[in-house]
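Here is my note on the model, as numbered points. Please read it with the structure open.

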Amino acid sequence: MNKITIAIDGFSSTGKSTVAKQLAKALGYVYVDTGAMYRAVTYYTMKNELISKNDFNSEALIYQLSNINISFKFNEALGFAEVYLNGVNIEKQIRTLEVSSYVSKVAAISEVRQKLVEQQKKMGQDKGVVMDGRDIGTVVFPDAELKIFMTASAETRAERRFQELIERGDKVDYMDVLKNVQERDYIDSNREDSPLIKAKDAIEIDNSHMTLDEQFNKILQLAKMTMEDYE
């Protein structure tokens, strides 16, 4: 079968990364976690004290973008690629609620998006890639052969994220997680540059009441059908 490009977009905590990893592994494709790239820039912004609850020095971040080098290295023990910032593994650090609370603000900066979208396009230029994010089917790969748009209720997504953080050992409150999910939804959907919207030719999947297996099998079948269409 000919290789295709698979773009998976959707709201935060809809399980985009989980199903994208499963799909890439099943098809022997490359997986790119674009959300991790924006989280890496956010982590850099936090570590360099450019953002806080009451202030965001976006101009300083834009000036320092050339200092930010993001890469992925496959971890055989874990079975997926971890994200590195300037050569340092930051996979665990970027998954915190604190990073989540700032990432949408950082991702709304046009210069940040321009830098990362350019890298993402290069990563997928040879096809055979599964990429998830907020603007993959609309901006990064508008010609992707298969576009998926994932959604679920804010409460369902907050509960999933809450359980994930608790299992990691983080001390979090469910209402704080729900508030974060709702705030990210608003910022992602209303930013001027590449807002989160469903591409006209994307297939919407509401997984509020789906198991991980049901979700994976549904999207895998869609991928196989699409690959057959492009033989």
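**Notes on the predicted model**

1. The side chains of Glu-91 and Arg-95 form a salt bridge, 2.9 Å from N to O. A salt bridge here is a side-chain nitrogen of Lys or Arg within 4 Å of a carboxyl oxygen of Asp or Glu. Glu-91 is buried, at 10% relative accessibility. Arg-95 is buried too, with a relative accessible area of 18%. Buried means under 20% relative accessible area, exposed over 50%, and partly exposed in between (1.4 Å probe, protein chains only).

2. On the basis: this is a predicted model, in which local features need pLDDT of at least 70 and side-chain atom pairs count only at pLDDT 80 or more, while totals for chains, interfaces and linings use all residues. Residues are numbered from 1 along each chain as its sequence is written, and side-chain values use heavy atoms, with hydrogens and water left out.

3. How many salt bridges are there by this rule? The count is 11. One of them joins Glu-118 to Lys-122, at 4.0 Å from N to O. These two residues sit 4 residues apart in helix H5 (residues 110-123), so about one helical turn separates them. Helices (H or I, at least four residues) and strands (E, at least two) are DSSP runs, numbered from the N terminus. Glu-118 is partly exposed at 46%, and Lys-122 is exposed at 54%.

4. Lys-127 and Glu-145 also pair through their side chains, at 2.7 Å from N to O. Lys-127 lies in the loop between H5 and strand S6 (129-133), and Glu-145 in the loop between helix H6 (136-140) and strand S7 (146-151), so the bridge ties together parts 18 residues apart in sequence. Lys-127 is partly exposed at 38%. Glu-145 is buried at 19%. Elsewhere, salt bridges with shared partners join Asp-33, Glu-91 and Arg-95 into one network.

5. The largest nonpolar core has 36 residues. Such a core is a set of buried Ala, Val, Leu, Ile, Met, Phe, Trp, Tyr and Cys residues joined through side-chain atoms within 4.5 Å. Val-41, Leu-61, Ile-68, Ile-70 and Val-112 have the most contacts inside it. Helix H2 (34-47) gives the largest share, 8 residues. Val-41 touches Leu-61, Ile-68, Ile-70, Val-106, Val-112 and Leu-116, leaving out residues up to four places away in sequence. Contact means heavy atoms within 4.5 Å. A second, separate core of 21 residues includes Val-19, Ala-20, Leu-146 and Met-150.

6. Which residues of H1 are buried? They are Lys-16, Val-19, Ala-20, Leu-23, Ala-24 and Leu-27. Seen down the axis of H1, they fall within an arc of 135 degrees, so they line one face of the helix. The arc is taken from the directions from the helix axis to the C-beta atoms. Their cover includes strand S1 (5-10), strand S2 (30-33), S6, S7 and H9. Gly-28 follows H1, with a positive phi near 75 degrees.

7. Last, Thr-226, which is in helix H9 (residues 212-229). Thr-226 is buried, at 10% relative accessibility. Its side chain reaches the backbone oxygen of Leu-222 at 2.7 Å. Neighbours within four places in sequence aside, Thr-226 contacts Ile-4, Glu-145 and Leu-146.

How values were computed
A polar contact is a pair of N or O atoms within 3.5 Å; within protein, one must be able to donate a hydrogen and the other to accept it, and residues adjacent in sequence count only if both atoms are side-chain atoms.
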